[in-house]
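Me: I'm new to this one. Can you walk me through it, a piece at a time?

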Amino acid sequence: HMDAQIGRVMEALRENGRLENTVIVFTSDSGLAVGDHGLMGKQNLYDAGGVHVPLIFSGPGIPKGVKRVALVYTMDIYPTLCGLAGADVPEGVDGLSLLPVIRGEKEQVRESLYFAYCGIQRGLQDARFKLIESVHAGRRHTQLFDMGKDGDETRNLADDPEYREVLDRMRAELLRQKDVYQEPDDAGPELWEVFGKGG
């Protein structure tokens, strides 16, 4: 059904002579977990059913049939469209243009992504690893995944001594990103209290 409706949009643009100068963006929300990690819904920071969303750009100035793997927020769509349209990005926009990634000039425009779910979970993902910190009944739960080797997030490396340096680095960056996004402690009081105690 979705393919058919996108086809209708494409055909209308073609009939009106606008297909060749129109940028089309396809994205959506993350969908539901429907059993991934034993969850039903969106109450998590895992990729499947949590934070991963589709993102496709098509149109002039965009290579055809090319897949890029990059860290992206949906807020990056707007400055990217500004760049594709030759317009200036207004001041105060937090997103970053993905044009360097789309054009193959850079692999990333972001070094990491910061995630939050309610007051009980925070996460950080870089080009290789993903950290999820959560608190339940006053106890801290830490998960660390090597996304390059374990994209389904099934092998928790948080207690593996081999990854202690990675874990410490990711935790330090998680706290730095909390400050970057000016998240107050009361946005997740139980989480940050337990996190601060090393809990």
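Me: Where does Glu 133 lie?
Reply: Glu 133 lies in strand S5, residues 129-136. Helices (H or I, at least four residues) and strands (E, at least two) are DSSP runs, numbered from the N terminus. This is a predicted model: local features need pLDDT of at least 70, side-chain atom pairs count only at pLDDT 80 or more, and totals for chains, interfaces and linings use all residues. Residues are numbered from 1 along each chain as its sequence is written, and side-chain values use heavy atoms, with hydrogens and water left out.

Me: Does Glu 133 count as buried or exposed?
Reply: Glu 133 counts as buried, because its relative accessibility is 1%. Buried means under 20% relative accessible area, exposed over 50%, and partly exposed in between (1.4 Å probe, protein chains only).

Me: Which side chain makes a polar contact with the side chain of Glu 133?
Reply: That of Arg 171, at 2.8 Å. A polar contact is a pair of N or O atoms within 3.5 Å; within protein, one must be able to donate a hydrogen and the other to accept it, and residues adjacent in sequence count only if both atoms are side-chain atoms.

Me: OK, Arg 171. What are the buried residues of H5?
Reply: Val 166, Leu 167, Met 170, Arg 171, Leu 174, Gln 177 and Lys 178. Seen down the axis of H5, they fall within an arc of 130°, so they line one face of the helix. The arc is that of the directions from the helix axis to the C-beta atoms.

Me: And which residues are exposed on the other side of H5?
Reply: Glu 165 and Asp 179. Just after H5, Gln 182 takes a positive phi of about 50°.

Me: Switching topic. Which residues touch the most other members of the largest nonpolar core?
Reply: Leu 144, Met 170 and Leu 174, in a core of 26 residues. The elements giving two or more residues to this core are strand S3 (112-117), S5, strand S6 (139-146), H5 and helix H6 (189-197). A nonpolar core is a set of buried Ala, Val, Leu, Ile, Met, Phe, Trp, Tyr and Cys residues joined through side-chain atoms within 4.5 Å.

Me: What about a second core?
Reply: A second, separate core has seven residues, including Ile 62, Ile 77, Leu 98 and Ile 102.

Me: Now charges. How many salt bridges does the structure hold?
Reply: The structure holds 13. A salt bridge is a side-chain nitrogen of Lys or Arg within 4 Å of a carboxyl oxygen of Asp or Glu.

Me: Which residue forms a salt bridge with Asp 47?
Reply: Lys 130, with the closest N and O atoms 3.0 Å apart. The pair links distant parts of the chain: Asp 47 is in helix H2 (residues 47-51) and Lys 130 in strand S5, 83 residues apart. Both Asp 47 and Lys 130 are buried.

Me: Where does Glu 153 come in?
Reply: Its side chain meets that of Lys 130 in a salt bridge, 2.9 Å from N to O. Glu 153 sits in the loop between S6 and H5, 23 residues from Lys 130. Glu 153 is buried, as is Lys 130. Salt bridges with shared partners join Asp 47, Lys 130 and Glu 153 into one network.

Me: What does Arg 14 form a salt bridge with?
Reply: Glu 11, with the closest N and O atoms 2.8 Å apart. Arg 14 and Glu 11 are three residues apart in helix H1 (residues 2-15), so about one helical turn separates them. Arg 14 counts as partly exposed at 46% relative accessibility, and Glu 11 counts as partly exposed at 34%.
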